[in-house]
Amino acid sequence: MIVDINGVPTEVAARPGQCLRTLLREHDRFEVKKGCDAGDCGACTVLVDGEPVHSCIFPAYRAADRSVTTVAGLGTPEDLHPMQRRFVEAAGFQCGFCTAGMVVTASTLTAEDRDELPARLKGNLCRCTGYRAISDAVCGVVNTEKVADGSACGRSLEAPASTRIVTGTEPYTLDHSPPGLLHAGVLGSPHAHARIVSIDTTAAEQVPGVQLVLTAKDSPAVAFSTARHDSRVDDPDDTRVLDTVVRFIGQRVAIVVAESIAAAQEGCRALIVEYEVLPAVFDPESALGPDAPKIHGDKDASARIADPSRNLVAELHGSTGDVDAAVRGAAAVVTGRWTTQRIQHVHLETHGTIGWLDADGRLHLRTSTQVPYLVRDEICEIFGLPRDRVRVFTARVGGGFGGKQELLTEDVVALAVLRTGKPVQFEFTRTDEFTVAPCRHPFRVDVTAAASADGVLTALSIDVLTDAGAYGNHSAGVMFHGCGESVAIYRCANKKVDAKTVYTNNIPSGAFRGYGLGQVMFAIESAIDDLARELDIDPFEFRRRNVIVPGDEIVAAHLEGDDLQFGSYGLDQCIDLAERAIRQGNGEPAPSGWKIGEGMAVAMIATIPPRGHRAEATASLLPEGGYEIRVGTAEFGNGTTTVHTQIAASELCTSVDRIRVVQSDTESVTYDTGAFGSAGTVVAGKALYAAVRGLSARIVEVAATASGRRPWDCTLGPEGVRCGDRFVPFTDVLASAGGTLTASGNSGGLPRSLAFNVQAFRVAVDEATGAVEILQSVQSADAGTVMNPQQCRGQVEGGVAQAIGSALYEEMRSDGSGRITTDSIRSYHVPQFADIPRTQVLFADTYDRLGPFGAKSMSESPYNPVAPALANAIRDAVGVRLHHLPMSSDRVWRAVNDRRTSAE
């Protein structure tokens, strides 16, 4: 059949049951993305005869003799469609994976439609932005500045990839199809705990197109963790590529490699597996009991599990002062138990990897990861390969939120490539993301807080239990981090922390934005708010009296070391800014008869993860007069690429369009721990700052020597160096330097500073239904020097939006026997355009002495104070304390009615 694709009549052959999305991608229309393959997210939106459709559910045969327009057909990077230009100028994206579909839909909107954007864009999801920037784009609001020479830091410049993102020409992980590409499929376990007795692969091997079947006997014997950190011993070695024991529903049983995804899936269905079903445990409290099944009872000390006989992954205990005595002498005491749910990251690009061998037999992995160097190192560990035989790199990554700080697809592809010698691709489905990929840790947090009559906090104690799931990836780190700054933010002489993280046969938990702080802050900030209420003290004022200030010791379970310092301090400003804004109001009226309440919460986070975060960078002068910078960190919507070009341009006295970036490739620089813990600016950026400063000095030195002047008489400019009355162009500089000029820099991630966020809400609650409407949202942030105001504002808005989803809607539900039942976006409430209010973002005026150009990190931290601030606002409105997330309308309604019933 003939389909007109972007104005070109194209002969295509649609298979029975094929959707338009896969047909287009088979013809290299990679701008059409896969986010769900269920019509839920809109990333695949194209125009069919001018009407927007979700191509993942549009039958391919229906496109015959019709016109199909993708985002690349609307315009090119050199000749943008007006809507594409608006998205560039408004900075209407972050990771950009949803942008192609979003732009296509938006291109069809009329002026009248712009008054109804929540309805018109309900079919397009964005997990990153919080939708305000998208609304601005559709409405023609310009938020960015044009490129110019001079200092770029502190300006809202466009992202370097912006024109490519809005035209669909910026490549993502799987936007590449090498000749002879094979596909891997995985058979998942139907049991939560079982021993694999036997696998009959005969029928699977006879499926047409199947090339290879892999089982545990083909798996390397090396145990590892899917979690990736600078030190691999931070996480227990409790995982194998393929194991003879499965510990959660969906765990890999076998891998089938075939010529197509369909053949691989058919091969998986043809496998005959005999299981010995083992006892399972799903409640973390029960998992600690003496009679609980030992999930990793076969592991010895080399696995670095605290106590396999008790299913204990790790534990933390520490105290200062005497909490019990302080509680006995307090004027007010609050105790309570708070619990949080499982949450999926729902980055719109699913996990995926393509691997191949080059002519020299070196393994190349193109993968969707936040940590390419750590993936390389662990692949080498698992398969016994030297580092120079493995290259790991990313294209642009379509979102992460911590979910891609794991090794989930790369080991499968590496094993398949090394066995077949052919290119292999393995991609998670959206269902895999919900049922196999690690989620946010569920927490149980008990809090005791006490204060004197004059509102001085005298005791703070927490007891924490987290559900690691079947494997311990990130669980120790999430537990330790969650019990850190959440407690340390308060000045209190008597503190106590007890925490455990335990194995169950649930889906594994992992890294998620906030890394445990959001869960513990939900509990602590709720308790602190109740304590202020007990003493009839305004919640803003209570925090002012009790938060730490420079000069105070930083104490959580223990006194923090000198590696954590006050590089700057803006928490006082943040409290003032948020209070002023929420008390001024925004004029948004509440529905008639609804109860109105205000709530706030504070948050603190270290700007760099503990226990090691390192980066190296290089900067080179190019013959044409531009520069090339090389950094190891990945871009996944965190905005580090933009900031890195701004750092380089500012120090090199040039414009950002003269900066070429090579990044997230293990061949680009020697090492980078990775893009997690909001380290892209304060670690990789600091390494780059050192590199460009070194290069700047070297250029001036060479020019000074060539001109016979002293270096301090020379000034670097965009085209060369002015040395007194003589101008030395870059061509002469390079010639004098022997043809090349390169400088390198590094950062060891120490010492670390502290960043602060304060969230405030005004809400309306309908007691008859439990519905919660956010009337006003304010977040103040201490980001130090705001390197790119529009981009940083977007990070805050996106964090708030994701946290609103976590607080009010999102929940991965289980059947109680380890099976996740919310296995699609449709059954899991990702916030849509209509769900998210505009958040007023206010920045404290600080300069951090530890960060590059005075900057701090600001990607994870905006998420953390949102849930408790909402809980406190709901409590203020209806007089009921919610103790469990999400605070969905049914839970709010039930809490209100339980209060009424008890009152009667």
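The legends below describe several close-up views of a predicted model. Residues are numbered from 1 along each chain as its sequence is written, and side-chain values use heavy atoms, with hydrogens and water left out. Because this is a predicted model, local features need pLDDT of at least 70 and side-chain atom pairs count only at pLDDT 80 or more, while totals for chains, interfaces and linings use all residues.

View 1. A nonpolar core is a set of buried Ala, Val, Leu, Ile, Met, Phe, Trp, Tyr and Cys residues joined through side-chain atoms within 4.5 Å. Buried means under 20% relative accessible area, exposed means over 50%, and partly exposed lies in between (1.4 Å probe, protein chains only). The largest core holds 172 residues, of which Phe87, Leu870 and Met887 touch the most other members. Helix α17 (residues 517-534) supplies the largest share of this core, 10 residues. Helices (H or I, at least four residues) and strands (E, at least two) are DSSP runs, numbered from the N terminus. A second, separate core of 45 residues includes Ala152, Ala619, Ile699 and Met787. In soluble globular proteins, nonpolar side chains tend to be buried together.

View 2. In helix α3 (residues 82-90), the buried residues are Met83, Gln84, Phe87, Val88, Glu89 and Ala90. These buried residues pack against α2 (71-74), α4 (99-106), α6 (132-138), α7 (162-167) and α23. Contact means heavy atoms within 4.5 Å. Leaving aside neighbours within four places in sequence, Phe87 has contacts that include Phe93, Met102, Ile134, Val138 and Val166. After α3 comes Ala91, whose phi is positive, near 55 degrees.

**View 3. Helix α20 and its covering elements.** Helix α20 (residues 640-651) is mostly covered, with 12 of its 12 residues buried. Its buried residues, among them Val643, His644, Ile647 and Glu651, pack against β25 (627-631), β26 (659-663), α21 (679-707), β27 and α23 (789-808). The expected span of a helix is 1.5 Å times one less than its number of residues. For the 12 residues of α20 this gives 16 Å, which agrees with the 16 Å between its end C-alpha atoms. Cys653, with a positive phi near 55 degrees, follows α20.

**View 4. The pair of helices α18 and α19.** Helix α18 (residues 539-546) and helix α19 (residues 571-584) pack at an angle of about 175 degrees, with their axes 11 Å apart. Axes are lines fitted to C-alpha atoms, for helices over the stretch in contact, and angles run from 0 to 180 degrees between N-to-C directions. Angles under 35 degrees count as roughly parallel, over 145 as roughly antiparallel, 65 to 115 as roughly perpendicular and the rest as oblique. The two helices, α18 and α19, are therefore roughly antiparallel to each other. Phe540, Arg543 and Arg544 of α18 make the contact with α19 residues including Ile575, Ala578 and Ile582.

**View 5. Strand β21 and its two partners.** Of the 9 residues of strand β21 (residues 495-503), 7 are buried, so the strand is largely enclosed by the rest of the structure. Two strands pair if DSSP finds at least two bridges between them. Strand β12 (residues 312-320) pairs with β21 in the antiparallel sense over 8 bridges, and Leu312 has Val502 of β21 as its bridge partner. Strand β20 (residues 457-469) runs parallel to β21 and is joined to it by 9 bridges; here Ser461 stands opposite Lys496.

**View 6. The open sheet β27-β28-β29.** This open sheet has 3 strands with antiparallel pairing. Its edge strands, β27 (714-716) and β29 (726-729), each pair on one side only. Neighbouring strands of the sheet are turned by 20 degrees against each other on average, direction ignored. Strand β28 (residues 720-723) pairs with β29 over 4 bridges, and Gly720 stands opposite Pro729 in β29.

View 7. Val346, in the loop between β13 (332-339) and β14 (352-357), has a positive phi near 50 degrees and is buried, with a relative accessible area of 1%. Arg611, in the loop between β23 (595-606) and β24 (615-621), has a positive phi near 65 degrees and counts as exposed at 60% relative accessibility. The peptide bond from Leu750 to Pro751 is cis, with omega near -10 degrees. A cis peptide bond also joins Leu885 and Pro886, with omega about 0 degrees.
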